[in-house]
Amino acid sequence: QVQLVESGGGLVQPGGSLRLSCAASGILISIYAMGWYRQAPGKQRELVAGILNGDDIRYADSVKGRFTISGDNAKNTVYLQMNSLEPADPAVYYCNAVRWSGDYPGRFSWGQGTQVTVSS
């Protein structure tokens with residue numbers, strides 16, 4: 001059974017940073033494209049960062065230059081370093097394996113996500 005457990009969210013001031021973690025079990029992140037998605041109230045879930053084979057990395061235009069996705073195969077964990085957080089970034093953030101085409105839908109059931117709030 002695949003489990004994806006996100007953590008690391010919280011409240012941060014504009015311009016601040018957070019590091020999200022996604023601990024995976026039931027799959028090996030080394031053999032899947034992995035990604036971070038976010039869903040804000042009233043909006044569809046969107047992929048913000050994805051990584052395939054460690055060197056094909058894609059970011060949503062809205063986060064380029066501010067967010068960095070990485071993975072630790074030994075820990076089977078995916079990270080999202082978020083810097084220069086903006087008022088448009090608050091959402092519930094989720095990780096999932098990514099179908100690497102089209103609108104990059106997730107492969108497995110969604111976890112509970114981790115809430116990111118940006119406020120002064």
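The model is predicted: local features need pLDDT of at least 70, side-chain atom pairs count only at pLDDT 80 or more, and totals for chains, interfaces and linings use all residues. Residues are numbered from 1 along each chain as its sequence is written, and side-chain values use heavy atoms, with hydrogens and water left out.

**Salt bridges**

The structure contains six salt bridges, a salt bridge being a side-chain nitrogen of Lys or Arg within 4 Å of a carboxyl oxygen of Asp or Glu.

Burial is stated by relative accessible area: buried means under 20%, exposed over 50%, and partly exposed in between (1.4 Å probe, protein chains only). In the pair of Asp56 and Arg58, Asp56 is partly exposed at 23%, and Arg58 is also partly exposed, at 34%.

Strands, like helices, are DSSP runs numbered from the N terminus (helices H or I, at least four residues; strands E, at least two). Arg66 is buried, with 10% relative accessibility, whereas Glu86 is partly exposed at 34%.

A network of salt bridges joins Arg38, Glu46, Arg66, Glu86 and Asp89.

**The surroundings of Asp89**

Asp89 is buried, with a relative accessible area of 1%. Its side chain makes a polar contact with the side chain of Arg66 at 2.7 Å; a polar contact is a pair of N or O atoms within 3.5 Å, where within protein one must be able to donate a hydrogen and the other to accept it, and residues adjacent in sequence count only if both atoms are side-chain atoms. Apart from neighbours within four places in sequence, Asp89 is in contact (heavy atoms within 4.5 Å) with Arg38, Arg66, Phe67, Ser84 and Val118. Pro14 and Asp89 are 75 residues apart in sequence, and their C-alpha atoms are 9.5 Å apart in space.

**The disulfide**

The whole structure holds one disulfide, defined as a pair of cysteine sulfur atoms within 2.5 Å. Cys22 and Cys95 form this bond, with their sulfur atoms 1.7 Å apart. Cys22 belongs to strand β3 (residues 18-25) and Cys95 to strand β9, 73 residues apart, and the pair thus links distant parts of the chain. Both Cys22 and Cys95 are buried.

**The sheet**

An open sheet of six strands runs in the order β2-β10-β9-β4-β5-β6, with mixed pairing; two strands pair if DSSP finds at least two bridges between them. The edges are β2 (10-12) and β6, each with a single partner strand, so one side of each is left without a neighbour in the sheet. Strand β5 (residues 46-52) pairs with β6 in the antiparallel sense over four bridges. Leu52 stands opposite Asp56 in β6.
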